[in-house]
Amino acid sequence: MVYYFGMKTLSGSLRKLFWFTDAGKIDVQKDANLVVHQVLSLGDLKDIRRLFVLYPKSTIKKEFLKAKKGMYHPAVLKLCADLLGVKIKNPRRYIKNVYGN
């Protein structure tokens, strides 16, 4: 099940999270992994609510579990895991090395 609500590209407040690229070129369907991780790792609660309008929880959960190493601050990882009802088996895989250890 995929929502997108007729949206092919990002619009509104989510664009600010994609400063590193032209947000207008991000395809909501093809770039779901990028969108999910950027919003969950860097967005505020309003952005996360918007993410749940853009995609069903099952899609967000599936993409979240495909995380690349070092994407999340520990507190944000915990919030995302709780929000999505996911038990993280290897949290070190997801956590940024914010302390340089």
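**From one glycine to the core**

Tutor: Gly-85 is found in the segment after α4 (74-84); helices here are DSSP runs of H or I with at least four residues, strands are E runs of at least two, and both are numbered from the N terminus. This is a predicted model, in which local features need pLDDT of at least 70, side-chain atom pairs count only at pLDDT 80 or more, and totals for chains, interfaces and linings use all residues. Residues are numbered from 1 along each chain as its sequence is written, and side-chain values use heavy atoms, with hydrogens and water left out.

Student: Is Gly-85 buried or exposed?

Tutor: Gly-85 counts as exposed because its relative accessibility is 56%. Buried means under 20% relative accessible area, exposed over 50%, and partly exposed in between, with a 1.4 Å probe and protein chains only.

Student: Changing topic: how many helices and strands does the protein chain have?

Tutor: Four helices and zero strands, in the order α-α-α-α along the sequence. Of the 101 residues in the protein chain, 36% are buried.

Student: Which residues touch the most other members of the largest nonpolar core?

Tutor: Leu-10, Val-35, Leu-40, Leu-51, Tyr-55, Phe-64 and Tyr-72, out of 27 residues in that core. A nonpolar core is a set of buried Ala, Val, Leu, Ile, Met, Phe, Trp, Tyr and Cys residues joined through side-chain atoms within 4.5 Å. Two or more residues come from each of α1 (32-42), α2 (45-54), α3 (57-64) and α4; α1 gives the most, with five.

Student: What does Tyr-72 touch?

Tutor: Leaving out residues up to four places away in sequence, its contacts include His-37, Leu-40, Phe-64, Leu-77 and Tyr-94. Contact means heavy atoms within 4.5 Å.

Student: Now α2. Which of its residues are buried?

Tutor: Asp-47, Ile-48, Leu-51 and Leu-54. They lie on the same side of α2, because they cover an arc of only 110° around the axis, taken from the directions from the helix axis to the C-beta atoms.

Student: What covers them, and which exposed residues are on the face turned away?

Tutor: The cover includes α1, α3 and α4. The face turned away from the buried side carries the exposed residues Leu-45, Lys-46 and Arg-49.

Student: And what caps the N-terminal end of α2?

Tutor: Asp-44 does, with a side-chain oxygen 3.1 Å from the backbone nitrogen of Lys-46.

Definitions and conventions. Polar contact = N/O pair within 3.5 Å; in protein donor to acceptor, adjacent residues only side chain to side chain.
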